[in-house]
Amino acid sequence: MRVLVVEDHRRLATALAEGLRREGMAVDLAFDGADALAHVAVNRYEVVVLDRDLPGVHGDQVCRALVAEGGESRVLMLTAASTIRDRVEGLELGADDYLGKPFEFAELVARVRALGRRAAAALPPVLVHGDVTLDASRHVAFRGERRLELSPKEFALLECLLAASGGVLSAEELLARVWDEAADPFTTTVKTTIGRLRSKLGEPPLIETVREAGYRI
């Protein structure tokens, strides 16, 4: 899942990004409204975590722009003002969910995951291919009866490949979906992580390399 965190308090933004990355998400950062709009113009995000009280272009304007665009991005609005009226106003702007500050990080993660599932509504909550099962909500994967001990990136790669239902995903697509904008497009990270994932999945081989195209289940 790719997430954009829009928060002008840089320490908080960085902490949120680091925490969400540990949960296996690809996270980009924007520190004001104009920066947020520039990001969504060039990248596809399942979820935008949006601070309402942004300098410059206000969070309300960003939310309206996202809704008017009619894209797949779901908006989780954050604000220190957490009265019922504030929540109603935020939701009326088109936000999909609303979380008052301060909040527990575990609740933020749960809400982001729930919105991510809504952004990809066509996908079942549990992905299955042969004897491989992946439950994104519980963040567990199995091959047969064996639980797979996957790193966050390995888990996210497997989720992308299973979701493609046999379709080929290029290394560039996987880099964009599983990592973030800071990833080096010339890196061998995808190839290396695919290698580790193959090893953990075991036999018979599950991931196929399609010459000059990418990878598929």
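The model is predicted, with pLDDT of at least 70 needed for local features and 80 or more for side-chain atom pairs, while totals for chains, interfaces and linings use all residues. Residues are numbered from 1 along each chain as its sequence is written, and side-chain values use heavy atoms, leaving out hydrogens and water.

**Exercise 1.** Find the angle at which H6 and H7 cross, and the residues in their contact.

*Solution.* Start with the elements: helices (H or I, at least four residues) and strands (E, at least two) are DSSP runs, numbered from the N terminus. Next, take the axes, which are lines fitted to C-alpha atoms, for helices over the stretch in contact, with angles from 0 to 180 degrees between N-to-C directions. The axes of H6 (residues 152–163) and H7 (residues 171–178) come within 10 Å and cross at roughly 125 degrees. Then list the contact (heavy atoms within 4.5 Å): H6 brings Lys-153, Ala-156, Leu-157 and Cys-160, and H7 brings Leu-174, Arg-177 and Val-178.

**Exercise 2.** Work out how H6 lies against H8.

*Solution.* First, the numbers: H6 packs with H8 (residues 189–201) at about 85 degrees, and their axes are 10 Å apart. Therefore H6 is roughly perpendicular to H8. Among the residues in this contact are Glu-154 of H6 and Thr-193 of H8.

**Exercise 3.** Decide whether Glu-154 is buried or exposed, and name what it touches.

*Solution.* Begin with the scale: buried means under 20% relative accessible area, exposed over 50%, and partly exposed in between (1.4 Å probe, protein chains only). Glu-154, found in H6, has 2% relative accessibility, so it counts as buried. Leaving aside residues up to four places away in sequence, Glu-154 touches Glu-149, Thr-193, Arg-196, Leu-197 and Lys-200.

**Exercise 4.** Look at the backbone: where are Ser-165 and Pro-102 placed?

*Solution.* Here is the background: most residues other than glycine have a negative phi, and most peptide bonds are trans. Ser-165, in the loop between H6 and H7, has a positive phi of about 50 degrees although it is not a glycine. At 67% relative accessibility, Ser-165 counts as exposed. Pro-102 lies in the loop between strand S5 (97–100) and helix H5 (105–119). A cis peptide bond joins Lys-101 to Pro-102, with omega about -5 degrees.

Notes:
Parallel < 35°, antiparallel > 145°, perpendicular 65-115°, else oblique.
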